[in-house]
Amino acid sequence: MDIIKVLQQELNIGYKQAEAAVQLIDEGNTIPFIARYRKEATGSLDDTVLRALDERLRYLRNLEEKKEQVLSSIREQEKLTPELEAQITAAMTLVALEDLYRPYRPKRRTRAMIAKERGLEPLADLIWMQRVTEPVEQLAAAYVSAEKEVPTAQDAVAGAMDILAERLSDDADHRTYIRKQTMEKGMVVSAAKEEEAQSVYEMYYHYEEPVKRCAGHRVLALNRGEKEKVLTVKIQAPEEEILRYLEKKTIVRDNPYTTPILQAAVKDSYDRLIAPSIEREVRNELTEKAEDGAIKVFGKNLQQLLMQPPIAGQVVLGWDPAFRTGCKLAVVDATGKVLDTKVIYPTAPQNKVEESKRILKQMIRKYGISLISVGNGTASRESEQVIVELLKEIPERVQYVIVNEAGASVYSASKLAAEEFPQFDVGQRSAASIARRLQDPLAELVKIDPKSIGVGQYQHDMNQKHLSEALQGVVEDCVNRVGVDLNTASASLLEYIAGISKTIAKNIVAYREENGAFTDRKQLLKVAKLGPKAFEQCAGFLRISGGKNPLDGTSVHPESYEAALALLKKLGRGPEEIRKGGLKGIGKTVRDYKKLAAELGIGEPTLRDIVAEFEKPARDPREEMPRPILRTDVLEMKDLTPGMILKGTVRNVIDFGAFVDIGVHQDGLVHISQMTEKYIKHPMEVVSVGDIVEVKVLSVDQAKKRIALTMKI
C-alpha cells in the first residue's frame, strides 16, 4: 500500500504535502511546530489537517504491520495462495483483514473442529459438492464409529453440517455482504427491562430506528442505558434477504438429497455463528463513529472555551458558592496573585446576608475590586441575588460574571493545587481558580484534566485513551497558537508547549527561580534536559518581553532571526521599534513577497508570518473572540415569558443543539431546528462555545427546569 497516496486522497491534499508532513513527523517534529514553522514544506497545512494525518498514518502503519503478521501466520500453515496474498495486501481496513484471516486464525475448539477430528470432513465435502445420488443418511452410515464418538448416521450428518456452517461463516465475501446489508437495511431496536416513569431513557423503552440513520448521541445513549441494565439493545438484520443470499451462493444445483441439509446448515451458520458476530461488529462500528463524532464536538467546544479572551488589568473577586459550608472568596490581582481569602455565609442555613455584604464592601474598597467571578454550581442563584443587591448599595462600579466552574473542584483537590496554594484549603483554591479562569481562561484551564471541563457529551462512556489523546492535542494547539511568556508561565502551561515534557517544564521553572528571569531565548539551552531538538520545537512559542533581543518577544523563530533583521534593514527600520508596539502598516510597503523572500533566503509563507508579527508583535488570537457578558442585574426563571428576547453565552454545543446561559441559573436549549432557517447537519455550523447570541424564549417549564429558546428572531 502506498500510504502517502492514501493520505493524499483521504485528506484531499497534494502528494508532496503528505510526503513532507510524514517525513517531518518521522523526524520527531511536533504538530504545532510543523504547522507554524514548516509551512514551505507542507504547503501551509494547518494543525487540524496535520493531526488527522498523524492519526491516519498511525492506523495505516498498524494495518501494514498486522498484514505482515497475518501473511506470516498463513505461510507457516502452508496455506497462502497468490490470490489470498493479493487480497490481504489490498485490504484497506482492519475489519477486512480480519475477515480474510478468519479461516486461518487459531481458534478455540469449535463444533466443526471436533467433527473434523471425528473424520467427518469427507462427508461434509460430499454434501458441499451436491453430486450425491442417494440419501445422505445412507452415505453417513460409513462414518459411524463408536471409537470416534459418532454413534449414528444422524450424528455423522450433524457433524458434517457443523463443518459446513463454519465454512460458510469463515467466507470473507459472505461476511462483507452481510455486514453491508445489516448496516444498510438493519434496525436498531431497544426495549426497557423494566419501565420506569420520568427516566432519562424513557424515549428508548419502545424504540426502533434504521441503523444507517441512528445519530451518534442516540447510539451513546443506548449504550449507556444498556450498560446501566435499563435497556436491552439489539440489531435486527434483514434476515430473509441474507438467508436467500447465502443459499444462492451455496446451493448451486437442485439436489433433493443435499439441498435440505445445506439449507439447514445455512440457517445454523447465520443464527449461531454469523449474526451474533456481525451484530457485535455493527454495534462496535456505530459506537466508534459516535465516539469519533462526540470527540470532535468535545474538542471544538474545548478549543472555543480555551480561546476565550482574557479579561486583563482588573482585580477580580472569585466566588465559590455553597450553602452549609459558606461561600469561599478569593481576591486576585491583575497578575493572578491571590491577595486575600474569606468565607461568608449569606445563604441558607445561616442567611447572614448583612454581615456578608459588610465584608464584601470592605474588600471592594480595600483592593479596588471591579469584577466578581461567580461559579455556576450549587447556591450560585442565591449568591447572585446577594451580589445584585450589594451592587445597588455601593458607589463603586463593579460588575459580575457567571463562570462555568466545571473542573474547579477537581483542580482544587489536586496535587498541583496543593503545591500552588499550600496555605489554602480546597474551597479557597477553588475560589482562586474561578477568579483566574476569567482573567486568563487558557492559563487556568490547562491545570485541569480536559475531560473534567464539562463541554462534552457522554465523555465517560467512550474510549478514554482516544478521548485523552484528542483533547491533549486540542490543548496543545491552543497553547502554542497563543504562545506563553517564558518568565511568568506555570509548569502546567509550559508542558503543553511543543517539544517540552512535564520534566522539562518543571526544570524551566526551577532554572527561573534559581537564576532569575530569562533575558534571552538561548538561555533555554542551559535548562536541564532541554537539548537542541527541544529548543528548535519550543523556542518560537516562548516569548520574553523586555529581554535583550526584541525578536525574543515575538513568534519569529530564532532560525529566522538573520532573515528578520535583514528585512528590517531593507525596510529602513530598527529592531527596537518592535518593542514600542510594532511596525504598523509595513505589509503594504512590500510589493513582491516572492522576490523579497528569495532575496532573504526564506520561503514566502515565513516572510508573510514575519511581516504580520512585526506589524503586531505577540498578537493574541483570542482578542478576536467574543468577550463574556458582564452583568449588574439578575433574572429569575419565573421572570421569563415566551417572546422575551435576551443575550446569552453558548455554554455547550452537542449534536442536537446548544445550551445557552441567559443569566437565570438554568441554561436554555436552542434545538438544532431553532438555530437557522437553513438546513444544517450540526449545530457547530452556526455556534461555538463562548459565542454571544441573541435568543427568544419559546417556552418555560418550571417543574422540569427546562427553557426552550430560538435563534430565529
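Biologist: Which strands make up the closed barrel, and in what order do they run?

Modeller: Happy to start there, keeping in mind that this is a predicted model. The barrel is closed, has five strands and shows mixed pairing. Its neighbouring strands are turned by 50 degrees against each other on average, direction ignored. The order asked for is β11-β12-β13-β15-β14.

Biologist: Which residue of β12 stands opposite Asn652?

Modeller: Strands of a sheet pair through backbone hydrogen bonds, either parallel or antiparallel. Strand β11 covers residues 645–654 and strand β12 covers residues 657–661, and these two pair in the antiparallel sense over five bridges. Opposite Asn652 stands Phe659.

Biologist: Let's move to another pair of strands. What is the bridge partner of Leu329 in β6?

Modeller: Strand β5 spans residues 327–332, and strand β6 spans residues 338–344. They pair in the antiparallel sense over six bridges. In β6, the partner of Leu329 is Lys342.

Biologist: Which residue in the hairpin of β5 and β6 takes a positive phi?

Modeller: Five residues lie between the two strands of this hairpin. One of the hairpin residues has a phi near 95 degrees, and that residue is Gly336.

Biologist: Is Lys229 buried or exposed?

Modeller: Lys229 is found in the loop between α13 (216–227) and β3 (231–236). Its phi is positive, about 60 degrees, although Lys229 is not a glycine. The relative accessible area of Lys229 is 61%, and the cut-off to pass is over 50%. Lys229 therefore counts as exposed.

Biologist: What is the relative accessibility of Lys529?

Modeller: Lys529 sits in the loop between α24 (502–515) and α25 (532–538). Lys529 is a residue other than glycine with a positive phi, near 70 degrees. Lys529 counts as exposed, and its relative accessibility is 66%.

Biologist: Now to the rings. How are Phe33 and Tyr37 arranged as an aromatic pair: stacked, edge-to-face or tilted?

Modeller: A search of the whole structure finds six aromatic pairs. In one of them, Phe33 and Tyr37 lie 5.8 Å apart, centre to centre, with 40 degrees between the planes. Stacked needs under 30 degrees and edge-to-face needs over 60, so this pair is tilted.

Biologist: About how many helical turns separate Phe33 and Tyr37?

Modeller: Both Phe33 and Tyr37 are buried. They belong to helix α3 (residues 31–37). Because they are four residues apart in that helix, the separation is about one helical turn.

Biologist: Which residue forms one aromatic cluster with Phe33 and Tyr37?

Modeller: The pair of Phe33 and Tyr37 is tilted. A further residue forms one cluster with them, and that residue is Phe541.

Biologist: How are the rings of Phe421 and Phe424 arranged?

Modeller: Phe421 is buried, and so is Phe424. Their rings are 5.3 Å apart, centre to centre, with 20 degrees between the planes. As the angle is under 30 degrees, the pair is stacked.

Biologist: The charged end of Arg608 sits over the ring of which residue?

Modeller: The structure has a charged end over a ring at Arg167, placed above Trp128 at 5.3 Å from the ring centre. For Arg608, the distance to the ring centre is 3.9 Å. The ring under Arg608 belongs to Tyr593.

Biologist: How do α5 and α6 lie relative to each other, roughly parallel or roughly antiparallel?

Modeller: Two packed helices are described by the angle between their axes and the distance between the axes. The axes of α5 (residues 47–76) and α6 (residues 82–90) come within 10 Å and cross at roughly 165 degrees. α5 passes α6 in a right-handed crossing. Angles over 145 degrees count as roughly antiparallel, so α5 and α6 are roughly antiparallel.

Biologist: At what angle do α1 and α2 pack?

Modeller: Helix α1 covers residues 3–11 and helix α2 covers residues 15–26, with their axes 8 Å apart. α1 passes α2 in a right-handed crossing. The two helices are oblique to each other, and their angle is about 120 degrees.

Conventions
Residues are numbered from 1 along each chain as its sequence is written. This is a predicted model: local features need pLDDT of at least 70, side-chain atom pairs count only at pLDDT 80 or more; totals for chains, interfaces and linings use all residues. Side-chain values use heavy atoms; hydrogens and water are left out. Two strands pair if DSSP finds at least two bridges between them. Rings of Phe, Tyr and Trp (its six-membered ring) pair if their centres lie within 6.5 Å; planes under 30 degrees apart count as stacked, over 60 as edge-to-face and the rest as tilted. Buried means under 20% relative accessible area, exposed over 50%, partly exposed in between (1.4 Å probe, protein chains only). A charge sits over a ring if NZ of Lys or CZ of Arg is within 6 Å of the ring centre and within 35 degrees of the ring normal. Axes are lines fitted to C-alpha atoms, for helices over the stretch in contact, and angles run from 0 to 180 degrees between N-to-C directions. Angles under 35 degrees count as roughly parallel, over 145 as roughly antiparallel, 65 to 115 as roughly perpendicular and the rest as oblique. A crossing is left-handed if the near helix is turned anticlockwise from the far one by less than a right angle, and right-handed if clockwise.
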